[in-house]
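Student: I've got a structure open on my screen and I'd like to learn how to read it. Could we go through it feature by feature?

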Amino acid sequence: MKQSNAVILSNAPIARDVFKMDLRTDLAPMAKPGQFVQVAVPGFFLRRPISVSWTEGDVLRIVYKIMGNGTDKMSSMKPGEELSLLGPLGTGFPIKDEKEVVIMGGGVGTPPMLKTAKAYLDQGSKVDVILGFNTAQDVFYVDEFEQLGISPVVCTMDGSAGVKGTVLDGAASAGIKTDYVLACGPLPMLRAISASYTKGYISLESRMGCGFGVCNGCVMTDTNGMQVRVCKNGPVFPIGKVVL
Ligand SMILES: Cc1cc2nc3c(=O)[nH]c(=O)nc-3n(C[C@H](O)[C@H](O)[C@H](O)COP(=O)(O)OP(=O)(O)OC[C@H]3O[C@@H](n4cnc5c(N)ncnc54)[C@H](O)[C@@H]3O)c2cc1C
């Protein structure tokens, strides 16, 4: 983990309230799939945790949704401005020797799954991708997965794009039977996945202060009753490890 003054290369909307930001930073080559950075937004004391979505050379991409004042401020920042990043943080998705994996992303849980998909493709695994959103205006990253040679199954809750329903409806509709899942998304989605799959990993979100295991602001309980810190022991955990 290190601190880096990253230079914003681009920052533009890609869906409703969702922005893609490319940054030049020496953290980029260090980041593994599913890890995150703590972004110091000018004028705000606490850093904001945002997943690393993609890296290429010294360029690191994040994709974020405007949820409050911090991400709203980020959306107004311009190329050439600097952002202090701390990272890469967290465990990330292990890249296991699996022949087939199904990758599921829900809303702004989708970004870290792009780099994860690439890592599994690179080792020769068959990769299916299912993306879930609320409505057509929220859909993003279909092109990015297609550039990897994957045709993602898109699902929306209101049926305005792709399959109507959740990512599990998407898996059923596309006949994807792979039993090893890697997922990031909202808690109800992760609960539903954990009820249907026993093998694989999920990435959790929790409000966090420091992001590196010191403040204990992001503690959850595992199935043995032990406390786990989402930032340091996670955010990626084996399915069934943490009480959701
Ligand atoms: C490991 C991890 C990875 C994440 N990756 C992404 C991502 O790739 N894209 C994305 O859009 N969002 C991501 N989030 C959620 C993102 O951190 C919050 O939406 C963001 O911090 C909200 O900040 P805000 O100032 O706009 O909102 P406010 O509500 O004004 O924030 C107030 C405070 O709460 C904290 N906070 C608020 N919501 C969350 C949350 N859900 N998780 C953690 N802290 C929160 C903020 O850090 C801040 O300190 C991630 C969260 C975690 C834990």
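Predicted model: local features only at pLDDT ≥ 70, side-chain atom pairs only at ≥ 80, totals over all residues.

Student: How many residues surround the ligand, and which are the closest?

Tutor: There are 20 around it, and the closest are Arg-48, Pro-49, Lys-65, Thr-71 and Glu-205.

Student: Back to Arg-207. Where is it in the chain, and is it buried or exposed?

Tutor: Look in the loop between β13 (199-203) and β14 (219-221). Exposed means over 50% relative accessible area, with only the protein chains counted. Arg-207 has 78% relative accessibility, so it counts as exposed.

Student: Now strands. What should I look for in their side chains?

Tutor: Here's the general idea: in a regular strand, side chains alternate between the two faces of the sheet. Now try strand β10, residues 153-156. Val-153 and Cys-155 are on one side, Val-154 and Thr-156 are on the other, and all of them are buried, so both faces are covered.

Student: Which strands pair with β10?

Tutor: Strand β9 (residues 126-133) runs parallel to β10 and is joined to it by 4 bridges; for example, Ile-130 is partnered with Val-153. Strand β11 (residues 163-164) pairs with β10 over 2 bridges, in the parallel sense too. There, Cys-155 has Val-163 as its bridge partner.

Student: What do β9, helix α3 and β10 make together?

Tutor: A right-handed β-α-β unit, with α3 covering residues 142-147.

Student: And helices? Which residues of helix α4 are buried?

Tutor: In α4 (residues 167-174), they are Val-167, Gly-170 and Ala-171. Looking down the axis of α4, you'd see these buried residues within an arc of 100°, so they line one face of the helix. Ala-172 and Ser-173 are exposed on the face turned away from that buried side.

Student: What about backbone angles?

Tutor: Now look at Tyr-141, which is not a glycine but has a positive phi, near 75°. Tyr-141 is in the loop between β9 and α3, and at 3% relative accessibility it counts as buried. Asn-216 has a positive phi as well, about 60°. You'll find Asn-216 in the loop between β13 and β14, where its 47% relative accessibility makes it partly exposed.

Student: Where are there cis peptide bonds?

Tutor: One joins Gly-87 and Pro-88, with omega about -10°, and Pro-88 is in strand β7 (residues 82-89). Another joins Gly-234 and Pro-235, with omega about 10°. Pro-235 is in the loop between β15 (227-229) and β16 (236-238).

Conventions
Residues numbered from 1 in each chain as written. Heavy atoms only, no water. Buried < 20%, exposed > 50% of the residue type's maximum accessible area, 1.4 Å probe, protein only. Pairing = 2+ DSSP bridges. Right-handed = clockwise from strand over helix to strand, strands pointing away. Near = heavy atom within 4 Å. Arc of directions from axis to C-beta.
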